[in-house]
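Here's a quick look at one residue and a couple of helix pairs. Have the structure open while you read.

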Amino acid sequence: MAGRLATLGAADVKIIAGSACFWAWLDGMFMSAFFRGSHEEGLMAELAVVLLFGVSAVGFAAFLAWPARANQLLGEKRTPLMAAALGTVGSALFAAAGAMHAVALLVVGGACCAVCMAMFQMGWGAVYCRDGARSAALYASGGFAGAVIIDLPLLFMVPLASMVFYALLPLVSGVLLVSIGGDERRYQTSEQAVGGGPSLLTAIDRRLGIPRMLLLAAALVLVSFGYLQHLVSFSSVASGGTPGGVAVQLTRGAMAVILFFVVLCVPSRTNILYRMGLLLIIAGFMLMPFLFGSELFWLAGAIIISGYTAFDLLVWVLFSQIAHTRSESPLQTIAVIKLLAVICYVIGAVVGMVLVGNDEALHAYVLQETTLMGYLVMIATVLLLSSKDMWALSGMVAPSSGASGEEVRRQCLDQWFVACGLTPREQEIAHLLIAGRTQPWVAASLCISENTVGTHVRHIYQKLGVHDRQQFIDLANDQYTAVSPDSREAVS
């Protein structure tokens with residue numbers, strides 16, 4: 001691995017270190033780093049995280065609504081540094097709120113930290129998706145692995161020193177973020193806000209390239225994650241009084257190191273870890289009822305969080321690839337999944353707080369609750385494994401029972417179009433061109449102008465490196481012929 005690490009450039013190391021500081025700061029929130037010694041540590045710490053995620057939803061919604069302005073702010077140095085400063089101030093306010101049991105300080109601290117979280121998730125997200133799945137896998141896994149290196153020494157410090165260091169992490173992350181070129185911090189394109197179509201979901205599917213099935217699968221897992229964090233990190237009755245939150249976060253770090261090693265040394269095997277991660281989440285939830293209330297309860301949480309770490313990386317890789325190759329507005333694509341993530345976390349956490357709480361009388365139905373969460377993840381796993389995007393990561397065509405020869409051809413070409421960076425609209429037009437349709441016919445069929453069709457056709461030719469329709473059709477035929485018969489039979 002040392003040889004592989006040596007291949008990383010200075011810019012790569014800077015990106016990994018900067019995002020690691022941000023993820024370590026977020027880990028600190030789940031480990032109650034700013035509330036150690038508080039007489040109501042669990043309650044205050046969880047309220048802080050719920051506030052952080054809930055208020056940050058407003059920030060992600062703003063990125064979604066005003067992408068051009070948001071992209072401009074990401075490219076400036078002043079705005080990320082101001083967000084970093086707010087993260088440090090908010091962290092200090094959290095610590096003060098825990099010491100003084102001051103709800104007002106907790107709310108203000110949550111608002112400050114939420115600005116930091118939204119800005120940094122989107123800022124580092126721009127860097128992650130710069131080269132699609134390739135850059136996202138390296139930088140996200142490296143950031144997750146670097147976070148545990150930062151977390152470890154802080155766990156052995158006295159609470160006050162640990163609070164100070166965690167509070168300074170947003171500033172360090174902000175300085176490293178702005179040291180990257182402005183173009184790297186900005187998304188490649190930025191369109192107007194999603195809308196103008198028949199519905200919001202249709203606009204997300206067509207313009208941002210995000211399949212609805214993928215959104216639903218992510219939502220199910222993210223809700224279960226919010227519920228899990230309440231049980232393991234903040235609920236005293238669930239963990240039997242053991243420091244489950246710290247143990248779970250350390251397990252997350254260990255899994256992150258493994259993921260980074262695989263991404264760096266044997267990237268072709270990363271897909272196996274993604275699938276194993278989903279299975280670990282299911283297994284952990286099924287184990288929960290048997291360990292609930294015991295000192296070993298954290299073990300179930302550790303199994304789940306190990307799987308969730310792989311899932312977290314999968315989400316970054318999938319959506320970065322979509323943003324890079326299919327979306328008309330990459331910034332909005334990342335904003336959508338981040339907005340979904342924080343909303344689903346809050347839902348899961350609130351469900352846990354209401355159903356489980358910190359009162360032993362409230363956890364009589366934990367068997368049913370954790371089993372239900374396990375089933376939700378099972379549904380999400382089925383949805384993910386039936387998604388074209390999931391299969392595309394491994395360079396395979398998704399199986400399709402009873403597919404005709406024409407359907408197989410279309411699926412093979414779809415996969416090639418995605419790899420070449422064609423947007424969903426460009427893919428649609430490309431298929432019509434291959435079928436022999438003229439540009440006026442395409443314009444009338446899709447209810448768009450001929451000039452718009454001509455622009456899309458030029459983009460298609462540029463991305464595929466051809467100069468006219470005949471070259472394009474010949475290249476498409478060659479591409480399909482080059483696919484092995486075994487791969488074509490896999491979809492028939």
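Which backbone oxygen does the side chain of Ser224 reach? That of Val221, at 2.6 Å. Keep in mind that this is a predicted model.

Ser224 sits in helix H11, which runs over residues 212–234. With a relative accessible area of 2%, Ser224 counts as buried, because the cut-off for that is under 20%. Leaving aside residues up to four places away in sequence, Ser224 touches Phe285, Met373 and Val377.

| Helix pair | Angle between axes | Axis distance |
|---|---|---|
| H6 (residues 103–128) and H8 (residues 159–178) | about 35° | 11 Å apart |
| H2 (residues 10–30) and H7 (residues 133–155) | roughly 55° | within 7 Å |

Take H6 and H8, whose crossing is left-handed. On the H6 side, the contact is made by Cys116, Phe120, Gly123 and Trp124, and H8 brings in Pro170, Ser173, Gly174, Leu176 and Leu177. Sorted by class, that contact of H6 with H8 comes to six nonpolar and three polar residues, with no charged ones.

H2, on the other hand, passes H7 in a right-handed crossing. Residues of H2 in the contact include Asp12, Ser19, Trp23 and Asp27, while those of H7 include Tyr139, Gly143, Phe144 and Asp151. By class, the contact of H2 with H7 holds eleven nonpolar, four polar and three charged residues. Since their axes cross at roughly 55°, H2 and H7 are therefore oblique to each other.

Note on methods: Residues numbered from 1 in each chain as written. Predicted model: local features only at pLDDT ≥ 70, side-chain atom pairs only at ≥ 80, totals over all residues. Heavy atoms only, no water. Helix = DSSP H or I, 4+ residues; strand = E, 2+ residues; numbered from the N terminus. Buried < 20%, exposed > 50% of the residue type's maximum accessible area, 1.4 Å probe, protein only. Polar contact = N/O pair within 3.5 Å; in protein donor to acceptor, adjacent residues only side chain to side chain. Contact = heavy atoms within 4.5 Å. Axes fitted to C-alpha atoms, helices over the stretch in contact; angles between N-to-C directions. Left-handed = near helix turned anticlockwise from the far one by under 90°. Nonpolar A, V, L, I, M, F, W, Y, C, P; charged D, E, K, R; others polar. Parallel < 35°, antiparallel > 145°, perpendicular 65-115°, else oblique.
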